[in-house]
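Hello,

I am passing the structure over to you here, and my notes follow below it.

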Amino acid sequence: MIAFMWQAPNTPLTEDWGKIIATLIFIIAAITDYYDGYLARRYNMVTTFGKFIDPIADKLLVSAALVVMVAYQPITYTSAWVAVIIIAREFAVTGLRLICVEQGIVIAASKAGKFKTVTQLTAIITALCFISIRIVLETKNLTNYLTQFNAYYGYVIYVLMTIAAIATIYSGYDYFRKNKSFMEK
């Protein structure tokens, strides 16, 4: 977050290397999160703590990115409604998990939850990479490419964020539908 916010909103992107560093940090965090889960499953090292903390780490990573992206909406094309849907779902599912933990049940990530994470990370990483490309184009003063790039990159991000929001809504619905009996107790 600090790297991304190094320059204030509405300042020129020329030589804003902080956003490129933030992009790299986010991508590395997403990759290590994936491999952490993969290796835990592969070597049968899945733990109750891991099942509980991994989704929380995912939520923190995504929520932090969305908060700064909304603050920089003119360049990220990330609407507040997308962030609200995603963050609200994360709080709701975390609450459900806490209810279940009290009953001795740990809810692992579902296929819908994993798909939701993939769509969110795809949208965020694409937005961050597009911003990084825009920074390079502006810094190198490549106005012809910048004009062509600016013509479509906002639409692509908006579509990906909308898909992520829809996947998020469905995933939340899926968790509550499958676990409604625990809430009734």
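To get you oriented, in which helix is the place of Tyr 38? Tyr 38 sits in helix α1. Please keep in mind as you read that this is a predicted model.

Now for the overall picture. The protein has seven helices and zero strands, and its C-alpha trace spans about 60 × 35 × 25 Å along the principal axes. Of its 185 residues, 40% count as buried. The protein exposes about 10500 Å², with carbon and sulfur atoms supplying 69% of that area. If you look at contacts between residues at least 6 apart in sequence, 78% of them join residues at least 24 apart.

Helix α2 covers residues 48-71 and reaches 36 Å from its first C-alpha to its last, close to the expected 34 Å. Its buried residues include Pro 55, Asp 58, Lys 59, Val 62 and Met 69. Among the elements that cover the buried residues of α2 are α1, α3, α4, α5 and α6.

Helix α4, residues 80-102, has 23 residues and reaches 33 Å, close to the 33 Å expected. Val 82, Ile 86, Arg 89, Glu 90 and Cys 100 are among the buried residues of α4. Just after this helix, Gly 104 takes a positive phi of about 80°.

The largest nonpolar core has 32 residues, and Phe 4, Met 69, Ile 124 and Met 161 touch the most other members. Helices α1, α2, α4, α5 and α6 each supply at least two residues of this core, and α5 gives the most, with nine. Leaving aside residues up to four places away in sequence, Met 161 touches Met 69, Thr 78, Val 82, Ala 123, Ile 124 and Ala 127. There is also a second, separate core of six residues, including Val 93, Leu 96, Cys 100 and Ile 107.

Enjoy exploring it, and do write back with any questions.

Best wishes

Technical notes
Residues are numbered from 1 along each chain as its sequence is written. This is a predicted model: local features need pLDDT of at least 70, side-chain atom pairs count only at pLDDT 80 or more; totals for chains, interfaces and linings use all residues. Side-chain values use heavy atoms; hydrogens and water are left out. Helices (H or I, at least four residues) and strands (E, at least two) are DSSP runs, numbered from the N terminus. The expected span of a helix is 1.5 Å times one less than its number of residues. Buried means under 20% relative accessible area, exposed over 50%, partly exposed in between (1.4 Å probe, protein chains only). Contact means heavy atoms within 4.5 Å. A nonpolar core is a set of buried Ala, Val, Leu, Ile, Met, Phe, Trp, Tyr and Cys residues joined through side-chain atoms within 4.5 Å. Accessible areas come from the Shrake-Rupley method with a 1.4 Å probe; for residues, only the protein chains shown count as cover.
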